[in-house]
Structures are given as C-alpha cells and as structure tokens.
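User: I'm new to this structure, so please take me through it one topic at a time.

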Amino acid sequence: MNKHIKKVAVIGSGIMGSGIACHFANIGVEVLLLDIVPRELNEKEKAKGLTLQDKAVRNRLVNDSLTMALKSKPSPIYHQKFAQRITTGNLEDDISRVGKVDWIIEVVVERLDIKKMVFENLDKHRTPGTLITSNTSGIPIKFMSEGRSDDFQKHFCGTHFFNPARYLKLFEIIPGPKTSTEVLNFLNGYGEKFLGKTSVVAKDTPAFIGNRIGIFSIQSLFHMVKEMGLTVEEVDKLTGPVIGRPKSATFRTVDVVGLDTLVHVANGIYENCKDDERLELFKLPDFIKTMMENKWLGSKTGAGFYKKVTDKNGKSEILTLDLGTLEYRSAKKASFATLELTKPIEQVVDRFKILVSGKDKAGEFYRKSFAALFAYVSHRIPEITDELYKIDDAMKAGFGWEHGPFQIWDAIGLEKGLELIKSEGLQVADWVTQLKTSGITSFYVVKEGATYYYDIPKKSMVKVPGQDAFILLDNIRKSKEVFKNSGVVVEDLGDGILNVEFQSKMNTIGGDVLAGLNKAIDLAEKEFQGLVVGNQAANFSVGANIGMIFMMAVEQEYDELSMAIKMFQDTMMRMRYSAIPTVAAPHGMTLGGGCELSLHADMVVAAAETYIGLVEFGVGVIPGGGGSKEFAVRAQDNFHKNGVELNIIREYFLTIGTAKVSTSAYEAYDLGILQHGKDIVVVNKDRQIATAKAHAKLMAEQGYTQPIKRKDIKVLGKQALGLFLVGTDSMEASHYISAHDKKIANKLAYVMTGGDLSEPTLVDEQYLLDLEREAFLSLCTEKKTLERIQHMLKTGKALRN
C-alpha cells in the first residue's frame, strides 16, 4: 500500500483525542480535530451576548479541550508552535471536511451505540480509500463496522493509542472481519516509522493485549496484598524500578490513571471472558469496591491509594491508605532484605533470579506474582495473539516494563519458572511443556545480532520481524566488542562505523569514560571511518561525575582537578577536531557534560524525547567541559543575524545562567543546543543508533576532512562584561539571585565576553577554554559551591544558597 499521510481527522477532543491530535502534529501532519456542538450557553457566553449559532460557541468544546491539553504537564506536544498544525471544528459544520483527509481516527466515548452513529455519519462524507480507525480500548471491532460500506470495512480497524499518546509507545492495531492485509501492514509500518511507536497487531479480544495482561497483573496483585498482609508502600517498593518498572510502580500508577478506568476494563474482561481460567481474579476485592463508593479514584478526586493533605501551617504531607482499616495514615518506610541483595546489581535482568530466591516476604511475593503472570500469559496464546514476543512488546511499550513476561521468565530460567508455577498450584499451557520436551530451554535466543523467538505453530526459533531497521546494542555488545574498560564499551556497528556506549552509573562522564572516548577516536582514525556516541539506557548521560569533582575539591587537589577538567575539554575538542566524523545520539536526560559532548560532535541525531541542557549552575559552577566556550562561539556565529551583538550573547548567557533544559529535542533548537541544517531529530528511539550510523557513514563516504581549529571567534571584551556585571548587581539587589549566584554569573560573563580584553577581539577556542577552566576551578574553591554539590549528591536536587 503506497499511501502518504498528509492530513488526519481526529473525532473527539477529550484527553485522548487531543493527545492523539497533538502527536500527529508533532510529526508534521496537518490535523482536523472535531467534536460535538454544545447544546446550551455557559455563563461567560451569556455575558457576552453570544448565541448558539456563534462559531465561538459551536467550537467551544473542542477549543477548550485542546487548550487544556496544550497547557497540561507533561506537554503532549514537542513544541508549542506545532499546535498551529491543528485546526478545530465541530461535527455539524465541519463534518464534510473529513472528505479531504487521509485517515480518520474516532476517539469518542466508549459506547458502541454512539460510535456506530458517528461512523454512520462519517461514512456519508468519507472519500473511498480513506483509512478509518477507532481508538477503542476494548469494544469489539467487529461490532463497530457492522452495516457500513464494503470500502469502509476494508479500510477500518482498531488503532489503540495508550495515554499519554506522546509518551507511551504502544500502538495496538486490531483488525476487523474485513480489514485488508494491506491496511494492517501499512498501519504497522506507519506506527513504527512515523509515530515512533511499537506497533503490535492484536486479535479482536476484550482489552486486546496490553490491558488484558496489565489489568490481570494489577488485579492479581490486589488479591495478593490482602492474603500476604502487604502495605501500599511495600507493594510500590517491590513493583517499581527494582524490577524495571516505572517509579510510580503499582498504586501510584493506578492513582494517576484513575481507579475507575482500571475497574471499567476489569469489569469488561470479567463480563466478556467467561472462558478465562483466572476469571475470578477480575472480580473486584472489597477494598476496591469501597474506594469506588467513596470516590477515592486517585489524582482526579484528590484521594486514592495516596492522599495529599496540608496542615494549618501550610505544610503538605502525602498520606497512604491502610488497606486493612481503609483509613489514611502517615507513610511508612518499606524495606526488605532481598532488595538489599540486589543493590550492587546494575542490570535489572540480572536481579530476577535473586528476587525469586529471597527468604523473606519479598521473595515470597515475587514467587507468587511471577508464577501467576507466567502461567497466565502462557494461556493467552493463541487467544489474544499467536506470537509470544507481541505480549512482551505490549507490556514494555504500554506499561513501561523494562522486560516483558517471557523475557523475565527467560531471566529466571524456564525450569525455575515451571517450578514456581507448580508450587502455586497453577497449570501452564501445553505448548510450554512441549517446548521443554523438545529440548529448547528459552523463549528467546540471540543469533548474529538478531533476536529469535519460539514460534509455537512451527515449534522452532524464528527471527522477530522488523529488526532490520534497528541496531540493538544488547544483541551485539559481546560479539562486536572492540574495546572495553569500566566506563565504556566500544562496538563495531559494521560498515566502518564504531559506537561508544557508556557503562557508568547513570552514564556519568568520569576518567574512564573520557579515556574510552579517546581510545574510540584513536581506533576509528586508524582502522574505521566514523564514530557514533550512543547508548540505549534510559538516559544518554546525566553529566560529569560530580562526586569525583567534590572529592578533589574537598581534598584541595586543585592540580589534579585542573588536569581532569582539561582532559574533559581536550576530549570534547577531539570530538570536534578528529580525522573521522563523529555523531552524538542523545536521548532522555542529556545534562551538563552529556550536553557538552553533543555540542562538540560533527552532528547530533537526537531522539525526540531528549531533555538536554547545561545545568551546571545548579551545582554552583559554570559548564567546564567546553560548554561555556561553545556558547560563546555560537553566539558570535549569530552576530550577523542581529545588529545588537550584546543581545545575542545575552540570550546564550541566560540559557546557561537559568540552567534551561529542553522538554523535547525540538525545543533544543530554540536553546541553541541543536542547530538547524546540521542536527536532526528521530521520533522512534529504537531507530536512533541505526540512523546515527547511517549519517556517520554518509559523511565519511562524501569525503570527510578534519576541520581546521578556529581562530576567528569574536569576543566583546570589558565593555560588554561591564554591562553583564551591572545586570547581576541589579538582580542581586532586587533579590532575584543570591550572592553566590551572582558570583557564578559573573564568572560565566567573564568567559563569554573574553575576559580582560579592552576591546572586541578575535580569539581562538583554546583561549576561551583556558578562561573556562580557570573560572570553573575558582568556583570549586567556594564553600557555597561545595555545599551545592554535596546537596545534589545527597538529594539529586539543586540547592539555592
């Protein structure tokens, strides 16, 4: 199917509809967002003398919904200007406009009768061949398309986005009885390539794949907590980051999503899946029924499993629901000996064997919960899907699990998983027994850098489809390793391109990482053609190792600290001035030194979800790895765009001085961190390394030449510095900044204006780097700076002093 999506219509502008509309706008698609016409005026409209015929009134619902979505946090849109790609209207005046779109997505209330009415109306105006899909989370697709035209049914299916549409990657595609194979294949590819999603084709069964398994997991846990006497805090401790799940774990997640939403899906499964062997688990426990009666639904009602209260002195406290008494109480700290054993283990996948072997309540919890999960998912094949990897994909992309059920089972071991299931009195599906009998010992294997899964009908390992567009570092790390130290692994990506993958905690940049970067550049210059710096952890890099800086400063090892800073600067300059092209691939948190590395690469291939900035002010210093220098350079490169040079350098100064961090890669262009015409953004993070490799290869093939070091950087000298100093004096006098903030700002101004120069002068980069290093070192001698660094190390938060 050779189809190009230039314009979509989204029908329904609620939280989900507006979110979907924003995400299509994110990727550059024109959007028509429609909703119903209000039936009566509100008080504001009456005061203005408006009538029900006025356009402002007729479009009020859709406009209010979109406005609310655009103001929400986290934002559904990569950049506020992208909202201009969305046109609003209503289902009476503007319904005919759907005839000019390429795809219509229905996102109205979850009632079959209403959906069928909407589809009947849309079918009158839709152009034959136009895709038409429903975002239903559970209504059978086959019922919705009944009675519609043949062309409608051929181009109709379910496309279930998870909320929020920008951030959750799962995109379930559910065929109807007459959906064409071409339509399914197109949507599967479009979801992955353009929307940045994990596309999963599911069968038309209640709750599809993600919610069927996800709600089972939560319901199973609801019943287990009473049986085991676990508290809310204990469950969230056990089901959060320690097992590769979001920080919100279980009960905080339910509070955010809304208990009523979970109950609605659970009831739907209970009513429509009478053959489910664990049907009774979908019945609501008494404490959930009480919470529903009391409207303790979570964040939307102000109380759920957690409740925020404020005392008469204005001090806030988050209370926890006691599941025994159903009364709110102060939070209790949860701790388990088994969890302590996993603290030294960095990789989540390596923790599971220890967790299920625990001798305490935590160990018992994991044995029970994993046994139930493993047995349940085994029986869902072939009911909800024929391929086991789709269940894992759905749970990772829709619920934020780092590992899917079958991947966890592999980590524990097939035999051990079967043992847990048997000990809980549960039965596994026959196909798992057959797998074991055949001598296969895992659900997945990696061969030649590709992942293979156990195909049940074929009874053999089959390559997971769609991998060819990706490079999975986990799959090639051992076989393609070229160099390794405690900070990095350097891998051969093929076609003459190396990759440097950070391995330090939170991917911080310390001595070993810098040594690894230099080694990688050495290797690339001698034997390869290009270098990518990228990883597939949660975050690219949170910056320099401030713990190391703190220790050197406390011990007053200033010579060693100066050498460490110079090594950082020199390494960044090697990224810029080497004989091979360098490409940085930032994603997630890319802060401080991680940002500086990106600034010095020949090109940046950023994931759309990149939160990047120079945040050193928060720990009492200026960027010392070339960031301050680079912003001075970039400011002068833009002097020609505006007659007032000081205003331009002031903007770059303020970006550092206010520690601005982009909320997406697109915002990083506004901050001067990414550059138009040089750097690019990819929506699907899974494609990032492969895309970065392709660009490094292209630059090499086009004849990359090592750049000449610059000596033409115009700095403005003492006159400009004086104006900055006046500004910081004024801000301190007005109590906008502290005395220490002023000191840091003055140091930054000194560097960016070129120091003690009596007039505007052309300097080279090393001159600015020397000023930068000197300023950084002087700030490290300040007591206030050390206090800030210590506070950051303890709390992870910046201190204003």
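Analyst: To begin with the naming, helices (H or I, at least four residues) and strands (E, at least two) are DSSP runs, and they are numbered from the N terminus. The model is a predicted one, in which local features need pLDDT of at least 70 and side-chain atom pairs count only at pLDDT 80 or more, while totals for chains, interfaces and linings use all residues. Residues are numbered from 1 along each chain as its sequence is written, and side-chain values use heavy atoms, with hydrogens and water left out.

User: OK, which proline does a cis peptide bond join to Ile381, and what is omega there?

Analyst: That proline is Pro382, and omega of the cis bond between Ile381 and Pro382 is about 10°. Pro382 sits in the loop between α16 and α17, the latter covering residues 388–399.

User: And what about the peptide bond from Asn163 to Pro164, is it cis or trans?

Analyst: The bond from Asn163 to Pro164 is cis, with omega near 0°, and Pro164 belongs to the loop between β6 (156–161) and β7 (170–175).

User: Switching to helices, at what angle do α16 and α19 pack?

Analyst: Helix α16 (residues 361–379) packs against helix α19 (residues 414–423) at about 100°, and their axes are 8 Å apart. The axes are lines fitted to C-alpha atoms, for helices over the stretch in contact, and the angles run from 0 to 180 degrees between N-to-C directions. The two helices, α16 and α19, are therefore roughly perpendicular to each other, given that angles under 35 degrees count as roughly parallel, over 145 as roughly antiparallel, 65 to 115 as roughly perpendicular and the rest as oblique.

User: Which residues make that contact between α16 and α19?

Analyst: On the α16 side they are Arg367, Ala371, Phe374 and Ala375, and on the α19 side Gly417, Leu420 and Ile421. Sorted by class, this contact of α16 with α19 has five nonpolar residues, one polar and one charged. In that sorting, Ala, Val, Leu, Ile, Met, Phe, Trp, Tyr, Cys and Pro are nonpolar, Asp, Glu, Lys and Arg are charged, and the others, Gly among them, are polar.

User: What does Gln427 touch?

Analyst: Not counting residues up to four places away in sequence, Gln427 touches Ala375, His379 and Ile421. Gln427 lies in the loop between α19 and α20 (430–437), and it is exposed, with a relative accessible area of 61%. Between Gln427 and Glu277 there are 150 residues of separation in sequence, but 9.7 Å in space from C-alpha to C-alpha.

User: New topic: where does the side chain of Ser541 reach?

Analyst: It reaches the backbone oxygen of Asn507 at 2.6 Å. A polar contact is a pair of N or O atoms within 3.5 Å; within protein, one must be able to donate a hydrogen and the other to accept it, and residues adjacent in sequence count only if both atoms are side-chain atoms. Ser541 lies in the loop between β18 (530–534) and α23 (546–554), and it is buried, with a relative accessible area of 0%.

User: How many disulfides does a search of the whole structure find?

Analyst: The search finds zero disulfides, a disulfide being a pair of cysteine sulfur atoms within 2.5 Å.

Conventions. Contact = heavy atoms within 4.5 Å. Buried < 20%, exposed > 50% of the residue type's maximum accessible area, 1.4 Å probe, protein only.
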